[in-house]
Amino acid sequence: MSRDLPIIKVDQTFELAQAVVDGVDISGHWNRMFSDRSVTEYPTEAMDWVTSLDGGESLRDCYQCGKCVPVCPVNHVGDYGPRKLNAKVLRGNNLLDDPDLWLCTTCGNCYRVCPKEVNPLRIMPAIREQAVLEGKVPDELSEAFRNLQKSGNPHGHSPRKRADWIAGADVPVPLISELGRPVDVLWYVSDYTSYHARGQDAARAMARILTALEVDFAILGNEERSDADSARLAGETGLFEMLAEKNIESFRKYEFKRLVVMDPHAYNAFRNFYPKLGWEGEVLHYTQFLAPLIDRIEFRSRVELDVTYHDPCYLGRNNDEFDAPRRLLEAIPGVRLTEMPHNKANGYCCGGGGGGMWLDGFVADHVSERLSERRVREAVATVGADGTGVLSVACPYEPSRFEDAVKSTGNDGRIVVRDIVELIDQAMQPPAH
Amino acid sequence: MDYVVLLKQVPDLAEELEIDADGTGLDREWLSFVASEWDEYALEEALLLRDQGHGGTVTCLALGVETGDVDELLATCLARGADRVIKVGSFEAPPDSHTAAAAFADALAHVHYDLILTGVQAIDDLDGQVGPLLATRLDLPHVSVVTHIALAHHHTTVTVHQEYAGGIVAEFEATLPAVLGVQTSRETPRYAPVSRIRQLMKTATIEAMAGGGGAGSGLVIEAMAIPETGSTAEMISGNPQAIAERIAAILSERGIGTAVAR
């Protein structure tokens, strides 16, 4: 190798224009690896700003491989895709005024496949928080925030009516404040389970199951406030913290061994975020609590149903619980469980997470169909449309979302949506005929 | 155009209300407090007027009452977009309207204003007198229960609506400066992000001014009680079919039309 060949200087790297080693010409094209990438010609302010936010750091790590695109549920119904976020920010768009900021449901499927661990579960809330601070929040979402702030639930119902669902439970549901003694299980009922008509069905079924299992349980009643995890993911960190402080105050007031929750979002909040705010304890999703007890349940009828199961993003993919719900379903006499193509870690998002629950109108302008509608079609394709098919769920957001989607996709009467506790409760009743 | 908005906190009706040991007031120890709804309308109107081309500043005043959290109230005003917030005087409990008006008048001797807005009334006393009493002390024109606040282009007058029964609307014109008791705002009061309120609670400047001295209303609350539940109401429960049948039965019992539950 001779040293008298011309040398080309590219940044700090020196490369020979022509190199021959042992008689073999190994010259490369000089600019391929060592020159500045064209992308640095774009303004860097937006990327610098995003990555300066607590949680925004990983956006810069994206190398545009695109693995996130086909697994993003929103990408299936529109132009949005996680990779585009990086591309937009690289081009100087800080996303504060971009509708894309609100389309991510924080389902986490992109993060699952990302070789660079770019994490929208942290990036989106970080940027959204800045939008919230500037008052740039879609109206529908503002309304839910306002309700959470004023009433402690996203519906805006009176907090004094939080335990009104008890009336139809047919079993006593003790309030921990009235019990005046420690309990084994403090049952955190959650927002939709407390207030939404279909959520209340699940609450009542759960109350009957806990009673049948002779569980020593109580609820907080009016002292319970929203877990507000979805508000946190939608960027309203302060609101999340405010409600967390109230819940933690209630948790500390009473003695209990473990907290059993209906809502995967509450599970995520209590397990992964409340410790940072000063409360730590055993938290179980109701499927995790019931699964080891299922053999003790006396089933009195067979349901004879073709059932498929929708993994909630914040129970399954983001908290790794796939088995407990399936163990429960398989134990119910007459349940024939079939998986949908998108299942477990690759479960398809219902569209309700990360604030999506309160952005329906906003999102509608940017997608061809709701994620819940796409999921219902998948369920119908899996369990058939003869009326014996069930889309089973383990998240209180789902009955209302999926039942609306059943109607809007023209599948009314062809498939039903049931919480797992409703199916257990159904099989515990004597046969109808 | 400089706007002044007077605000206060009232008990949060989301919580259970209890009467105190004296039987003359609410037990405030366990109450939580929220901004008075009508005061929020007044602030929203001031912000809308400022931002819709009239310019100027919005200054919010609240009495330094020990119950509740006046700092949070004022931080919320800043989070919504107010320019300046001032805590006036120091009170153990919310004073009567005469004392409140006197305190605000003292503070307003040091604050420039063209238009003073406050909620027409508040749920804790249903008195509605702070606006009129303040206007009297400052010798300003005053209109209560107003909507549709509009400024003339030369900023010398304000026009407002009062809505009467039977769909009749009156329009008033008042010379500025003036005091208005606001019934409602054109738009729902904007959301104040809790993240922003919490940030401002740590960083914002809340000015303090002296004000007050017992003006006194001469009124004394002798007793306060929770209304006794009457026994005449029948709560109808059950499924929709059962409820409909019961309603139909009641109507036919009383001979009101012919009702059949279907």
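I'll start with a pair of strands in chain A: S7, residues 256-261, and S8 run parallel and are joined by four bridges. One of the residue pairs is A:Leu259 with A:Val283, the latter sitting in S8(A). Before going on, please keep in mind that this is a predicted model.

Now the sheet those strands belong to. In chain A, four strands form an open sheet in the order S6-S5-S7-S8, and the pairing is parallel. Which strands stand at the edges? They are S6, residues 217-219, and S8, residues 282-285, both of chain A. Each has a single partner strand, so one side of each is left without a neighbour in the sheet. Going from one strand to the next, the twist averages 30°.

A helix packs here as well. Helix H13 of chain A, residues 264-272, lies across S5 (183-188), S7 and S8 of chain A. Relative to S8(A), helix H13 of chain A runs at about 165°.

Further along chain A there is a helix pair to look at. H17 covers residues 371-383 and H18 covers residues 398-408, and their axes come within 8 Å. The crossing angle is roughly 75°. An angle from 65 to 115 degrees counts as roughly perpendicular, and H17(A) and H18(A) are therefore roughly perpendicular to each other. Which residues make the contact? From H17(A) they are A:Ser372, A:Glu373 and A:Val376. From H18(A) they are A:Arg401, A:Phe402, A:Ala405, A:Val406 and A:Ser408. Sorted by class, that contact holds four nonpolar, two polar and two charged residues.

On to chain B. Chain B has six helices and eleven strands. Its C-alpha trace spans about 65 × 45 × 40 Å along the principal axes. There are 262 residues in chain B, and 37% of them count as buried. Of the contacts in chain B with a separation of 6 or more, 72% come from residues 24 or more positions apart.

Last, the two chains together. How many residues of chain B are in contact with chain A? Nine residues of chain B are, and they meet 18 residues of chain A. On the chain B side, the residues touching chain A are five nonpolar, one polar and three charged.

How values were computed
Residues are numbered from 1 along each chain as its sequence is written. Chains are lettered from A and ligands numbered from 1 in the order in which they are written. This is a predicted model: local features need pLDDT of at least 70, side-chain atom pairs count only at pLDDT 80 or more; totals for chains, interfaces and linings use all residues. Two strands pair if DSSP finds at least two bridges between them. Helices (H or I, at least four residues) and strands (E, at least two) are DSSP runs, numbered from the N terminus. Axes are lines fitted to C-alpha atoms, for helices over the stretch in contact, and angles run from 0 to 180 degrees between N-to-C directions. Two residues are in contact if their C-beta atoms, placed from the backbone, lie within 7 Å. Angles under 35 degrees count as roughly parallel, over 145 as roughly antiparallel, 65 to 115 as roughly perpendicular and the rest as oblique. Ala, Val, Leu, Ile, Met, Phe, Trp, Tyr, Cys and Pro count as nonpolar, Asp, Glu, Lys and Arg as charged, and the others, Gly among them, as polar. A residue is buried if 20 or more other C-beta atoms lie within 10 Å of its own, exposed if 12 or fewer, and partly exposed in between; C-beta atoms are placed from the backbone.
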